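Subject: Structure handover

Hi,

Here is the structure I promised to pass on. Please open it first, then read my notes below.

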Amino acid sequence: MKRNLLSTAALLSVMLSAGDLRAAAPDAKALIEQAETARKEAASLGYEWRDTAALIKKAQDALAAGQEAEASKLAQDALLEGQQSVAQAHSMQKSWQTLIPKL
Amino acid sequence: MKKKVRNRFFAPLLVLLMLLATVRTEAVDYQAKVQADIKAFRDYFAAQFPDVPFADYANGVYAIDADSRQQWLEMEEFPPYALSVEDGKALFEKPFANGKTYGSCFPNGGAVRHNYPYFDEKRGTVVTLEMAINECRVANGEKSLACKGGDIAKISAYMAFISRGNPVDVKVASEGAYKAYMKGKEFFYAKHGKLNMSCAGCHMEFAGKRLRAEILSPALGHTTHFPVYRSKWGEIGTLHKRYGGCTNDTGANAFAPQSEEYRNLEFFETVMSNGLIFNGPASRK
């Protein structure tokens, strides 16, 4: 009886922690799609960064290999690059003239 | 009475018509706008490097660093681009499959480097020398060449060589040309890439300072001496190959050679070098 209780508790603990892990790792597929959308927007504005497409490709490969956590991490990095490059584009379009060096 | 009414009506109408005619004929002087930019650009470098004569900016970084200049002058005794110029001459004169040569597209035996880049009003776009070389090929039933190095850089080097000494005098004479110029200008001053760097940041504000082992060249005169034999490349390459390398170094995605972005940038940079001479091809580290 005692052993059964311990086994059940251990099983519950593993299930709960697995649930936590799933909750902590965002949906890699959705992140990859968001990153690709941001990359395309940056490209259309002429401000795509050098490594964003490569990060997205790595995330896709990791997802295809079943490494969801790794895929999520890579896709998050790509998404951050995509968002920052879009922000850079908007900022530069507004303010590039202020960057002309003055004597 | 009738005459008075007619005068009262026609006099203001005449004035109005004259005003409208004035407005219609008062064209924007784009060249004057650009001239102000050229002056500010030159003044900036004159203040940074007061001992450098204006004409010397055609020599790039060797205008501002005595040690590098000495090494370059020694290298110029047996210029590493000489073989490329010879190859370019042979390619220029070699007939296409239809029997014609590049000479059918380029007058004066190809000594027309100084006519590029220019804004083509009909097509509404900037035309560079390398673009014109490829268009000549296509018009004669040949395939386009890759635009970073190889044969196109050799042909361009030959054409630059036989055009040496001609002044840079790029015109910005229309609204379309001015728009292309402004796009190139924005590209030059705006920050790009993960490192948030601009052409102007390195080649104006930090010109003459070191970036690792290299001394950053001044932007004034950047386009006069291309294509260049670059020791790092081990071959002759085009201006747009260099643009791609620079863009990549800022952490931005490089544009394709002969893309609209790089042609506009070349247009802007060459306008800024008006008054210098074309002296390509050249050798660089």
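Start with one residue. Leaving aside neighbours within four places in sequence, Ala177(B) is in contact with Tyr30(B), Phe119(B) and Val172(B). In contact means that the C-beta atoms of two residues, placed from the backbone, lie within 7 Å.

Before going on, some ground rules. This is a predicted model, where local features need pLDDT of at least 70 and side-chain atom pairs count only at pLDDT 80 or more, while totals for chains, interfaces and linings use all residues. Residues are numbered from 1 along each chain as its sequence is written, and chains are lettered from A and ligands numbered from 1 in the order in which they are written.

Back to Ala177(B). It sits in helix H7 of chain B, residues 175-189. Helices (H or I, at least four residues) and strands (E, at least two) are DSSP runs, numbered from the N terminus. Is Ala177(B) buried or exposed? Ala177(B) is buried, because it has 23 C-beta neighbours inside 10 Å. The cut-offs: buried means 20 or more other C-beta atoms within 10 Å of the residue's own, exposed means 12 or fewer, and partly exposed is in between, with C-beta atoms placed from the backbone. Ser68(B) is 109 residues from Ala177(B) in sequence, and their C-alpha atoms are 37 Å apart.

Now the whole of chain B. It has ten helices and seven strands. Of its 285 residues, 41% count as buried. Its C-alpha atoms fill a box of roughly 90 × 55 × 35 Å along the principal axes. Take the contacts in chain B with a separation of 6 or more: 72% of them join residues 24 or more positions apart.

Next, the domains. Chain B divides into domain 1 (33-80 + 182-284) and domain 2 (82-161). These bounds come from an automatic or database domain assignment. The C-alpha centres of the two domains lie 23 Å apart. Across the boundary, 20 residues of domain 1 of chain B are in contact with 22 residues of domain 2 of chain B. On the domain 1 side, strand S6 (235-237), helix H9 (239-249) and helix H10 (260-272) of chain B each supply at least two residues. H10(B) gives the most, with six residues. By class, that side has eight nonpolar, seven polar and five charged residues. Ala, Val, Leu, Ile, Met, Phe, Trp, Tyr, Cys and Pro count as nonpolar, Asp, Glu, Lys and Arg as charged, and the others, Gly among them, as polar.

Which helix is mostly covered? Helix H6 of chain B (residues 151-161) is, with ten of its eleven residues buried. Among them are Ile152(B), Lys154(B) and Phe161(B). The cover over the buried residues of H6(B) includes helix H4 (82-93), helix H5 (129-139) and S6 of chain B.

S6 also belongs to a sheet. Three strands of chain B form an open sheet in the order S6-S5-S7, with mixed pairing. S6 and strand S7 (282-284) of chain B each have a single partner strand, so one side of each is left without a neighbour in the sheet. Strand S5 (residues 228-230) of chain B and S7(B) pair in the parallel sense over three bridges. Two strands pair if DSSP finds at least two bridges between them. Tyr229(B) stands opposite Ser283(B) in S7(B).

Best wishes
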